[in-house]
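The following paragraphs lead through a structure, from a single residue to the contact between two chains. Please keep the sequence and the model in view while reading.

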Amino acid sequence: MKDPRDPLSSALQSWRHEPSPAPGFNAAVHERILAGQGNSHDIAPDSASPVPRARFALALDFRLSLPLAACLAVLLAGAAGVSGAFIFHRTQTSDRMALAYVRTVDPLLMTASRAGHTHSQP
Amino acid sequence: MNFSVRHLLLAVATASLAFGLTIWLLQNRPAPADEQAWMRSEFKLTLAQETEIARLHAEYQPICAEHCAQVLNAREKLTRAVSAADKTAAQADLTRLEAVCGEATRDHLQRVAAVMDPEQGERFLSLVGPKVAAQTHDAPLGLK
């Protein structure tokens, strides 16, 4: 028969376990998973050299990778803007100068403007 | 707004700002002095090519002047024509003259393009060809 004064039940209900966070836990798990995948494909694990995929996984965990990528993206965007501007400006200038040149050799354009055209001698 | 969207917007804003600022700065640059200076730098002309093109240009100017005078006369005649028959005849004259002028202009441009390096010549014709007033669309200007 159950004793109502038994403190075990209330102790079990109030019991909580909160393990302290282990640094590098995620990376270690990834490494073990990848090492296990290497074993299942009959690849002999080489303890002297680290698994390249594990290093990649560690790199992703690097805290500054996202801010660095963002800075790089902004720099590349700025460079693209400047390059686009140079190309656009050059295209506009070429178009304008081509029309100016044709006006010196096309009688129809010369007479259309009814300007005091001069037949320039180089 | 999450991290990547914020940075994407920042990149777009940076690109737009860089584009606008560069365009504004470039507009303050002096334009090419004249058409010959522009052609020399744009189509990378050698001294020999530049001299030959100048010679062709000088040779063509009397023909151009003659055509100008004829076109002005034809337009004047069309303006002054009273009867329908006169107007039709004047319009036919003007149309014929416009075709002759256009042909002469295109011929001159092709001779200029032939002096340049082939790649530059093609690029020259693609730039100036569409600007010719009497350009027909049957076939674009190309190196002969």
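B:Q120 counts as buried, because its relative accessibility is 12%; buried means under 20% relative accessible area, exposed means over 50%, and partly exposed lies in between, with a 1.4 Å probe and protein chains only. This residue lies in helix α5 of chain B, where helices (H or I, at least four residues) and strands (E, at least two) are DSSP runs numbered from the N terminus. Leaving aside residues up to four places away in sequence, B:Q120 touches B:E42, B:F43 and B:K44, a contact being heavy atoms within 4.5 Å.

The model is predicted: local features need pLDDT of at least 70 and side-chain atom pairs count only at pLDDT 80 or more, whereas totals for chains, interfaces and linings use all residues. Residues are numbered from 1 along each chain as its sequence is written, chains are lettered from A and ligands numbered from 1 in the order in which they are written, and side-chain values use heavy atoms, with hydrogens and water left out.

One of the residues touched by B:Q120 is B:K44, which lies in the loop between α2 and α3 of chain B. Is B:K44 buried or exposed? B:K44 counts as exposed, because its relative accessibility is 52%. Although B:K44 is not a glycine, it has a positive phi of about 50°.

The setting for these residues is the fold of chain B. Its secondary structure comprises 5 helices and 0 strands, and the order of elements from the N terminus is α-α-α-α-α. Of the 144 residues in chain B, 35% are buried. Among contacts in chain B with a separation of 6 or more, 57% are between residues 24 or more positions apart. Chain B exposes about 8600 Å², and carbon and sulfur atoms supply 61% of that area; accessible areas come from the Shrake-Rupley method with a 1.4 Å probe, and for residues only the protein chains shown count as cover.

Salt bridges come next. A salt bridge is defined here as a side-chain nitrogen of Lys or Arg within 4 Å of a carboxyl oxygen of Asp or Glu, and by this rule the count over all chains is 12. In chain B, the side chains of B:R55 and B:E59 meet in such a bridge, with 2.6 Å from N to O. How many residues apart are B:R55 and B:E59 in helix α3 of chain B? They are 4 residues apart, so about one helical turn separates them. B:R55 is partly exposed, with a relative accessible area of 40%, and B:E59 is likewise partly exposed, at 41%.

B:R106 forms a salt bridge with B:E103, and their closest N and O atoms are 3.6 Å apart. These two residues are 3 positions apart in helix α4, about one turn of the helix. B:R106 counts as buried, at 11% relative accessibility, whereas B:E103 is partly exposed, with a relative accessible area of 47%. In another salt bridge, the closest N and O atoms of B:D107 and B:R111 are 3.5 Å apart. B:D107 is partly exposed at 30%, and B:R111 is also partly exposed, at 33%. Both lie in helix α4 of chain B, 4 residues apart, again about one turn. Through shared partners, salt bridges join B:E52, B:R55, B:E59, B:D107 and B:R111 into one network.

The last topic is the interface. The size of an interface is often given as the accessible area lost when the parts come together. Between chain B and chain A the buried area is about 3700 Å², and carbon and sulfur atoms give 74% of it; buried area is the accessible area (1.4 Å probe) that two parts lose on being put together, summed over both. The contact takes 46 residues from chain B and 40 residues from chain A.

Between chain B and chain A there are 2 salt bridges. In one of them, A:R90 pairs with B:E42, the closest N and O atoms being 3.5 Å apart; B:E42 is also among the residues touched by B:Q120.
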